Number of protein chains: 4
Amino acid sequence: MNIKKRVFVIIRPHKKNDVLSMVFDWVIVVLVLADILTTILDTLPQPERVILCFNILEIITVSIFTIEYCLRFWTADLLYFKSKPFKARFKHALTFLMIVDLLAIVPFYLQFIFPINIHVLRAFRLFRIFRLVKIKYYVKTLSHVGDVLRRKASQLFISSSILFILMVIASVLMYTAEHQSQPDVFENALSGLWWAVITLTTVGYGDIYPVTVLGKVIGSFFAIFSIGLIAIPTGIISAGFIENIQDGKSIHGKKKHFCPYCGENIDANPS
Amino acid sequence: MNIKKRVFVIIRPHKKNDVLSMVFDWVIVVLVLADILTTILDTLPQPERVILCFNILEIITVSIFTIEYCLRFWTADLLYFKSKPFKARFKHALTFLMIVDLLAIVPFYLQFIFPINIHVLRAFRLFRIFRLVKIKYYVKTLSHVGDVLRRKASQLFISSSILFILMVIASVLMYTAEHQSQPDVFENALSGLWWAVITLTTVGYGDIYPVTVLGKVIGSFFAIFSIGLIAIPTGIISAGFIENIQDGKSIHGKKKHFCPYCGENIDANPS
Amino acid sequence: MNIKKRVFVIIRPHKKNDVLSMVFDWVIVVLVLADILTTILDTLPQPERVILCFNILEIITVSIFTIEYCLRFWTADLLYFKSKPFKARFKHALTFLMIVDLLAIVPFYLQFIFPINIHVLRAFRLFRIFRLVKIKYYVKTLSHVGDVLRRKASQLFISSSILFILMVIASVLMYTAEHQSQPDVFENALSGLWWAVITLTTVGYGDIYPVTVLGKVIGSFFAIFSIGLIAIPTGIISAGFIENIQDGKSIHGKKKHFCPYCGENIDANPS
Amino acid sequence: MNIKKRVFVIIRPHKKNDVLSMVFDWVIVVLVLADILTTILDTLPQPERVILCFNILEIITVSIFTIEYCLRFWTADLLYFKSKPFKARFKHALTFLMIVDLLAIVPFYLQFIFPINIHVLRAFRLFRIFRLVKIKYYVKTLSHVGDVLRRKASQLFISSSILFILMVIASVLMYTAEHQSQPDVFENALSGLWWAVITLTTVGYGDIYPVTVLGKVIGSFFAIFSIGLIAIPTGIISAGFIENIQDGKSIHGKKKHFCPYCGENIDANPS
């Protein structure tokens, strides 16, 4: 096995008995979690010495992530072994996880070129958390949950668009009803939209609510409607999970394709 | 094909390969969305020039909607080709979507006759959003969700009426318990009703809540009951979606009726 | 058919084609709704004349309810025609709906004997709303929903008791964590219990919430747990509704027993 | 039957017709409930005499709990009759209920040795409530609910971890968006995390919410996402309950193992 193949096997989610691959996976997982923890702790007032540690950790983390990204890009032709090398790399670079990885490392380098606010862009690094798919144990279950959501995508989209339509209608109606009584609170229809979101999701902070009789009548109507908005997607997803169980056997019967190098199932999305 | 038939085909949701019909559908969808966006933006303070643009857009939109309404009315006899022309038009004018369309255009003309507050009536135009059924892709899924709700309508109605009964009981009990301690907040049983709606839907703004021990006991009881009020409709709807999946095959076996002019399935509600 | 049997048929939910029975049912339904509406409107400031009307309406309503109660008691031996007359009446008087009816009329007479606050006791009259079962159309669906809840009663009871245990634990933990920082808000463990109810049901008024770090950690834990508390009963009830549909055919095959006098199904609870 | 076996039978959940065992079970249940009630009432201001009563009750309760714990430890070799006596006792001492029991009695003795705040540690005693499994009636149903949760554990874990990831992302994004406008409210990313928990669980106290436009856009996005966070676990649990019903027959067909001494089913977790 040449070096390229060996590197490919190591950066892919680990096979049993391949210690180096397993160590690599866990190093990445620990670095991602450490990076996220640092992002949170960085917002707390810290003594100078801790800030220095954080900066060193950031440099190490970004360096490792950069090397990892390059190795993934380099070995992409082994993943899509049917495509031509260039096309394979381009195809791989446009997968969700590779874009996330790129967004996670680019801001760090950009700050040396442009005087930008690194804190805002740093938030992108949070999405590296999806690299937790390295922990193989959960991937199968996650893809099971994903299957259900994908299968019911169009129904959930319809529900969401009804929710959106309702929110727009609610916002304009509530603005019309309340603007005169509370000109500062219901300043415009966008305030109404914020009210509609917070009410229809049943969060209800209490920073904005109707005070007139007409406003309370409209508010009551949409508040009651919010029950349906929770019930319908829940019903759709429940049905999806039950269908998935009933289809279980036929899925188990499917023929699967395995990578000739690492023994991984290559039907799933490459990560 | 004479002009009337051609117009009818164009204003109906488009068939594949009929470019004019497709263009018409998307023009309507874009106009509806633009109109709603304008309604929201109109509540924000805008420079004079933008207001002028909005007014011109409104005149154009209402004009097109008026022409569309007339064409729909005129071609109704092709939709209900079994009824007599007059009866067909009358029948079509009373369908939900046609009433919505009429309510969307009438207020615009009324303002020239009576000095009314156009903003309130303009809200009716929001309901034109139902014309998004033009986007054929979602109609099938939407009717699937609609089927489930229709099939479970009586059970959902019962749940709603239990919810309503509970709200009335809660409102009087809470008013009785809290009126003396908070005469300004729990002014009358209607304040209690507003409290009951906001609590039983778990929104909980925090503008009105019990402070006495008895009030808190009653409030706790109804708050716990709110879990059931979410759980029961969700259970009903879940069962509905699962039933729908299981009945899937028999539904697919149904014989369908298609319009001889446009090839549309005329079992569905005309839009 | 003698008078007693005729009265019995009239006061029972009506059969088709029995006009008098149908009129009687609707009179009761209208009176119950009018009585509830009056209870709510009575809390609003009203001119003297309206109060007089309300008082007259109350006297009429209570009189009719009293007569109805007596007739139901008198004809109970026809309902339970297998029991002895005295036992049948006693058995009927202890059914849920008969106790509700008694509680609805007794406070009115008590006010002439003792100088009590009639408003509090009047709330009992609200429960007469259960007489809406007169509207036969909904009884079947209601009993369907009731079946599901009864079938899953023990599982729902377990869920509720876990909810209750969690609330008690949460209340003591939160009281311990927050008492020192907010002695006025978390006065004692009962304040903690109120917090627990309002948080675990996701109502969240915002009158009481943790401010210390420990309190927020405990609060976060229980807030996340609240998702499970909604999900578990919903899952139980969903399963119940689905089971009910699947058992549908065997239920339809059951042999039913009908009253020899009115043709009513006497398997259901007498009302 | 020697004394040890007799004691073992008594402290285990009771068999029918064994009066002493039944009495013992109910004494424990009553003591646990009394102890929890005392813990709550202890936080209210009480007259001296009541405090004395509470202290006496505490001594009695802890004594009985201590004796019970010792007896359970002593008779553990009869429960795990296949293991060696020492190993059996050690194994039993590490079961969930035995650890809870130990944590419930240890703090009481610790206060005589170290000058610690007994109130905080006393909260552990609340968990003795799990001894309510003594009430055999509910054990079967509880284990049914437990089965469903165990069966779906990995899916629920995945949902929870997605929830956690979302909360972390939401907290950093919201902190970034709101810190400048509300430096006191969104002090650091941990405040953002508290906001995320309270919003994604739809509790919404209203102590912390976005005020800037960007913050409201992010807040709206996560508020709408909260619907999915309730819907997914509910769907999983619903599917679990339905699967459980469908597997019902095969479960009934399983061979069970009964204790040779008390006739209890020893497949269940020992308590």
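First, a term: buried area is the accessible area, with a 1.4 Å probe, that two parts lose on being put together, summed over both. Now the ground rules. This is a predicted model, so local features need pLDDT of at least 70 and side-chain atom pairs count only at pLDDT 80 or more, while totals for chains, interfaces and linings use all residues. Residues are numbered from 1 along each chain as its sequence is written, chains are lettered from A in the order in which they are written, and side-chain values use heavy atoms, with hydrogens and water left out.

Start with chains A and B. Together they bury about 3600 Å². Carbon and sulfur atoms carry 80% of that. Which three residues supply more of chain A's buried area than any other three? I158(A), I169(A) and I227(A), with 15% of what chain A buries against chain B.

In contact terms (heavy atoms within 4.5 Å), 45 residues of chain A meet 39 residues of chain B. How many salt bridges cross this interface? The rule, a side-chain nitrogen of Lys or Arg within 4 Å of a carboxyl oxygen of Asp or Glu, finds 0 between chain A and chain B. Polar contacts are pairs of N or O atoms within 3.5 Å; within protein, one must be able to donate a hydrogen and the other to accept it, and residues adjacent in sequence count only if both atoms are side-chain atoms. Here 3 residue pairs qualify, both at pLDDT 80 or more.

Where does chain A's side come from? Helices are DSSP runs (H or I, at least four residues), numbered from the N terminus. Helix 9 (153-178), helix 10 (189-200) and helix 11 (213-246) of chain A each give at least two residues. Helix 11 gives the most, 18 residues.

Next, chains D and A. Chain D puts in 45 residues and chain A 40. They bury about 3600 Å², 80% of it on carbon and sulfur atoms. Salt bridges: 0. Polar contacts: 4 residue pairs, both at pLDDT 80 or more.

Last, a helix pair in chain C. Helix 3 (residues 48-74) and helix 5 (residues 85-93) pack at about 135°, axes 8 Å apart. Axes are lines fitted to C-alpha atoms over the stretch in contact, and angles run from 0 to 180 degrees between N-to-C directions. Angles under 35 degrees count as roughly parallel, over 145 as roughly antiparallel, 65 to 115 as roughly perpendicular, and the rest as oblique. Helix 3 and helix 5 of chain C are therefore oblique to each other.
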